[in-house]
Amino acid sequence: MHVKGKNYRAIRADKKNKSVRIINQLKIPFEFEIIEINSYSELVNAIKDMRLRGAPLIGVAGAYAVWLACVEAIDNKNPQKFLKDAFKNIITARPTAVNLKFATCYIYNKVLIEKNFSNWENVAYKFANEYYEKEIDSFRKIGEYGLEIIKQIAKKKKGKVVNILTHCNAGWLACGDYGTATSPIYLAHKKGIKVHVWIDETRPRFQGAKLTAWEMYNEKVPFTVITDNTGGHIMQQGLVDIVIVGADRVAANGDVANKIGTYLKALAAFDNNVPFYVALPVSTIDFELKKGVGNITIEKRKADEIILIDGVNNKSKIRKINVMPTNYKTDNYAFDVTPFRLITGLISEKGVIKANTKDISKLK
Ligand code: MRU
């Protein structure tokens, strides 16, 4: 997608330099910085400190981290042990999004089949790249399926603006390209359908206000940033036609783990008869997990994220300030789980399905 008219992806591997380039998401929208990463542990740190984030993107990063670990393993006294330790460090970088585990295991298992250590690097690179391209293709298809839903609403509204509410950032920054929740929006906008996006700011880290809004701004899609508590009110006023969010892990019964606050939006949508869709690639489905509510590890992050906020000062320098004293007690849950009964449908690369066990099992 575009940044000041130029095309970018959120992550790119450079085979020649044996490095991975990422967009530093901690500095957007104030600075656009590309970081070059040369070791698997550096990439794991970038996942942990959220320079790189979003369920599908951390999956791709996990795949490339296995590649970087293979590059490093060859110079190690015990390459197998090095790779095994790296694998453990990579899959545990963040607990909730299943894509990280899925992609990392996929590449690691491909490498293990190769008995010649010197080939590990090539095997990992080939499969990590293939995985990334396949994901990108899925995001494009999610856009096409989601577009049909937006088209129907536009038709019902006789061409008036379709108001779409989204939470957090399930955009191209979270995926590599197109995004999940945003992919149908970008496509609708490109096709000339009038859309307007309500963007939840998404406390505590403001992925909506900082990242989704920046994406929309660069793609020239009309948007309005709202506080996290506003959605219910504007749904009651008839100002939201559809909610589309992303997902970090979907259980086999259709329960969806996503950024904290998603559940409350689903409740408000249900109460106001607003269709509530979740857009996701199949790599976000945890087919082994029968039920999501109560069974998904919800990441808890540091108190700092609630106590401090960052922004730019009058000299355009990014600075952190306290919004409360550091000794206040906080609880920082990063995700919540929306029960399947509140979800109108799941928009995947294989089509739009109901959030239930029968439909989900067909995606396997
Ligand atoms: O904690 P984050 O920012 O990595 O959260 C992940 C997300 O961006 C979302 O939950 C998102 O809606 C799903 S990823 C397309």
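Okay, let's start at the ligand: one of its oxygen atoms is 2.8 Å from an N or O atom in the side chain of Gln 207. Keep in mind that we're looking at a predicted model here.

So how much of the ligand's accessible area does the protein cover? On its own the ligand has 410 Å² of accessible area, and the protein covers 99% of that. And where does the ligand sit? The space it takes is the largest cavity.

Back to the contacts for a second. Asp 248 has a side-chain N or O atom 2.5 Å from an oxygen atom of the ligand. For Asn 258, the distance from a side-chain N or O atom to a ligand oxygen is 2.8 Å.

How many residues surround the ligand? There are 17, and the closest are Arg 53, Arg 94, Asp 248, Asn 258 and Lys 259. Sorted by class, that shell has seven nonpolar, six polar and four charged residues. If you want to find parts of the shell on the screen, look at helix H2, residues 55-73, and strand S11, residues 256-259: each supplies at least two of its residues.

Pro 29 is in the loop between strand S4 (19-23) and strand S5 (34-37). Then there's the bond from Arg 203 to Pro 204, also cis, with omega near 5°. You'll find Pro 204 in the loop between strand S7 (195-200) and helix H7 (207-219).

Stay in that loop between S7 and H7, because Phe 206 lies there too, and Phe 206 counts as buried at 17% relative accessibility. Its phi is positive, about 60°, even though Phe 206 isn't a glycine.

Last stop: Lys 18, in the loop between strand S3 (11-14) and S4. Lys 18 isn't a glycine either, and its phi is positive at about 50°. Is Lys 18 buried, exposed or partly exposed? Its relative accessible area is 33%, so Lys 18 is partly exposed.

That's my tour. Thanks, everyone!

How values were computed: Residues are numbered from 1 along each chain as its sequence is written. This is a predicted model: local features need pLDDT of at least 70, side-chain atom pairs count only at pLDDT 80 or more; totals for chains, interfaces and linings use all residues. Side-chain values use heavy atoms; hydrogens and water are left out. Helices (H or I, at least four residues) and strands (E, at least two) are DSSP runs, numbered from the N terminus. Buried means under 20% relative accessible area, exposed over 50%, partly exposed in between (1.4 Å probe, protein chains only). A residue is near a molecule or strand if one of its heavy atoms lies within 4 Å of it. A polar contact is a pair of N or O atoms within 3.5 Å; within protein, one must be able to donate a hydrogen and the other to accept it, and residues adjacent in sequence count only if both atoms are side-chain atoms. Accessible areas come from the Shrake-Rupley method with a 1.4 Å probe; for residues, only the protein chains shown count as cover. On a 1 Å grid over the protein atoms alone, a cavity is a set of points where a 1.4 Å probe fits but cannot get out, and a pocket is an open set with protein on both sides within 12 Å along at least five of seven lines; lining residues have an atom within 4 Å of a point. A molecule sits in a cavity or pocket if more than half of its atoms lie within 2 Å of its grid points. Ala, Val, Leu, Ile, Met, Phe, Trp, Tyr, Cys and Pro count as nonpolar, Asp, Glu, Lys and Arg as charged, and the others, Gly among them, as polar.
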